[in-house]
Amino acid sequence: MSETSVTRFYDELADGYHLIYSDWDASTRRQGNALGALIGDDRGEVLDCSCGIGTQAIGLAMRGHRVTGTDLSPRAAARAGREAERRNLGLRVAAADMRQLPFGDSRFDVAVCADNSLPHLLTEHDVRAALTEMRRVLRPDGLLLVSTRPYDELLRDRPVSTPPQVHQAGDRADDGERSVTFQLWHWHEDGEHYDLEHFQLLPEGGEWRVRTRRTTYWALSQDRLTRLAAEAGFSDVQWRLPQETGFFQPLLVARADA
């Protein structure tokens, strides 16, 4: 999966990304609170290097953190900026590859890479490169938060689809009535990578209009990602589960080496 195709996937999804959630605003607050509890009360400089349309970045900004958001998708990053502006929040955004972050060394107190973004990188070389960049822009003892799908479980079961998620129109005029999102997964022969077909069913004139997008992921086990984080310069690597944190995915939590 090339950088261009991942960018295209999220550029095309940016306008309708909130439809993945039953209530995107509530999810934004909930995820910001869960990540904020791990960060603590210090209002530091936070980099969300896979900010998408701002789900985590906006939630953290609402808690008073000084947040910068970057994303491979220019359209997603631009929407994050607009959504933050609508909420009177200060959120700096830019389009950037997490393997080449456009910041100086030791700039941030916290680096966030959430919502299964890191597994878009399909080799150890690329994952290590991204983690090394996150280490570079973190101050000594800075906090790293990375969330992925529960891949240890998924590697055992290798599911071929996800349950449908229904978004009910709220106060957004562009929501229509209801929309349905689901995914089909096609596992590669190596048993670790999978192609994902992302379906959105949108109401249109009494019928359903179907939008389909495709991308590829690497089902990174927790042990492998722990090792790659250590190789990139992180220590005290721990995995925190949703039942502990209230975040919807397992979280790798680590500290930048001094």
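Colleague: Which elements make the right-handed β-α-β unit here?
Modeller: In this predicted model, the right-handed β-α-β unit is made by strand 4, helix 5 and strand 5.

Colleague: And how do strand 4 and strand 5 run, parallel or antiparallel?
Modeller: Strand 4, which covers residues 108–113, runs parallel to strand 5 and is joined to it by five bridges, and within that pairing cysteine 113 stands opposite valine 146 of strand 5.

Colleague: What about the helix, how many residues has helix 5 got?
Modeller: Helix 5 spans residues 124–137, so to speak 14 residues, and from its first C-alpha to its last it reaches 20 Å, close to the 20 Å expected at 1.5 Å a residue.

Colleague: Which residues in helix 5 are buried?
Modeller: The buried residues in helix 5 are Asp126, Val127, Ala130, Leu131, Glu133, Met134, Arg135 and Val137.

Colleague: Back to strand 5, how many of its residues are buried?
Modeller: Strand 5, residues 138–147, is mostly covered, with seven of its 10 residues buried. Strand 5 also pairs with strand 11, residues 251–256, in the antiparallel sense over five bridges, where leucine 144 has alanine 254 of strand 11 as its bridge partner.

Colleague: Changing topic, in what order do the strands of the open sheet come?
Modeller: That open sheet has four strands in the order 6-7-8-9, with antiparallel pairing. Its edge strands are strand 6 (165–168) and strand 9 (207–218), each of which pairs on one side only, and neighbouring strands of the sheet are turned by 20° against each other on average, direction ignored.

Colleague: How many bridges join strand 8 to strand 9?
Modeller: Strand 8, residues 193–204, is joined to the antiparallel strand 9 by 12 bridges, and proline 203 stands opposite tryptophan 208 in strand 9.

Notes. Residues are numbered from 1 along each chain as its sequence is written. This is a predicted model: local features need pLDDT of at least 70, side-chain atom pairs count only at pLDDT 80 or more; totals for chains, interfaces and linings use all residues. Side-chain values use heavy atoms; hydrogens and water are left out. Helices (H or I, at least four residues) and strands (E, at least two) are DSSP runs, numbered from the N terminus. The expected span of a helix is 1.5 Å times one less than its number of residues. Buried means under 20% relative accessible area, exposed over 50%, partly exposed in between (1.4 Å probe, protein chains only). Two strands pair if DSSP finds at least two bridges between them. Axes are lines fitted to C-alpha atoms, for helices over the stretch in contact, and angles run from 0 to 180 degrees between N-to-C directions. A crossover is right-handed if, with the strands pointing away from the viewer, the path from the first strand over the helix to the second runs clockwise.
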